[in-house]
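Take a look at the strands below. The report follows how they pair and what packs on them.

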Amino acid sequence: TLFRSYGEIIMYELRQHKTEIRTAYMEKRANMPAEERAAKNAAVCKSVLASATYRFADTLLLYYPRADEVDVLPIARAALEAGKKVAFPKCHPADKSMDFHFVSSVDDFEKGEYDIMEPVNSLGIYNKENSLRDNCICIVPAVVYDKKGYRIGYGGGYYDRYLSGFRGTVVGIAYRDFILPNVPHGRFDVAVDVLISEGGIYAKS
C-alpha cells in the first residue's frame with residue numbers, strides 16, 4: 001500500500017495543503033508592486049523597532065531577505081547602531097540544521113546555500129543555550145502566518161529544528177494580508193510568541 005497508516009495519510013494531506021497555500025502566497029508576494037512592497041517593508045520595520053520586544057532585546061537573530069521577503073536589514077542596522085548583538089543564519093543541508101553567526105555590519109555576507117546570503121564562515125556562532133539569559137529574540141521568515149502564530153515557511157524545517165531548543169522570544173513578521181485565520185500545522189510546528197505586521201503588534205487569537 002502507498003500509506004502504512006492513517007497517520008501517514010493525515011501527514012500527506014497536511015503537506016499537500018501547506019504546499020498549495022505556499023504556492024499561492026509566494027505568487028501573490030512575487031507580484032506585489034515594488035512601491036507597495038517598499039512602503040510595507042518600511043512600516044513593518046518601524047513596527048518592530050517601536051515594540052517593547054525589540055527594545056528590551058540584547059541579541060537579535062535575523063534573516064537575510066530574499067528578493068520578495070520582508071526586508072529586515074534596516075532592523076539589523078538599527079540594532080547594531082544601538083549596540084545590540086546581531087546574528088544571521090547559515091544553513092547546513094546535510095542534516096537540515098542551521099547556526100546563527102554574529103555580524104558587525106550588513107557587509108559580512110557571502111552567497112551561501114539556496115543562493116541566500118549567509119555570514120562568512122569566520123564569524124562567531126551564537127550559542128542558543130544562552131537565549132533566555134541574553135534577552136534574545138529570533139525573527140522568523142515565512143510565507144504566511146495565521147492568527148495563532150503558526151507559519152508556513154519554505155518546507156525545509158530549518159527553523160522548526162532550531163527553535164526546538166531556543167528559549168528566547170520568537171517573533172514572526174508578515175504583511176497584514178499574509179496573516180490568515182488558520183494554516184495547517186503538525187505537532188512539530190512551533191508557533192511564534194509575537195506576530196508583527198505593518199500595522200503593529202498583532203494580537204494572537
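His-92 stands opposite Ser-97 in β3. Strands here are DSSP runs (E, at least two residues), numbered from the N terminus, and helices are runs of H or I with at least four residues. Two strands pair if DSSP finds at least two bridges between them. The model is predicted: local features need pLDDT of at least 70, side-chain atom pairs count only at pLDDT 80 or more, and totals for chains, interfaces and linings use all residues. Residues are numbered from 1 along each chain as its sequence is written, and side-chain values use heavy atoms, with hydrogens and water left out.

In the hairpin of β2 and β3, 4 residues lie between the strands. Lys-96 takes a positive phi near 55 degrees there.

| Pair | Sense | Bridges |
|---|---|---|
| β2 (residues 85–92) and β3 (residues 97–103) | antiparallel | 7 bridges |
| β6 (residues 136–140) and β9 (residues 169–173) | parallel | 4 bridges |
| β7 (residues 144–146) and β8 | antiparallel | 2 bridges |

An open sheet of 7 strands runs β3-β2-β1-β6-β9-β11-β12, with mixed pairing. β3 and β12 (200–202) stand at the edges with a single partner strand each, so one side of each has no neighbour in the sheet. In β6 and β9, Ile-139 stands opposite Val-171.

Helix α2 (residues 34–50) packs on this sheet, touching β6, β9, β11 (194–197) and β12. Contact means heavy atoms within 4.5 Å.

Another open sheet has 3 strands in the order β8-β7-β10, also with mixed pairing. β8 (151–152) and β10 (179–180) are its edges; each has a single partner strand, so one side is left without a neighbour. Tyr-145 stands opposite Arg-151 in β8.

Key:
Axes are lines fitted to C-alpha atoms, for helices over the stretch in contact, and angles run from 0 to 180 degrees between N-to-C directions.
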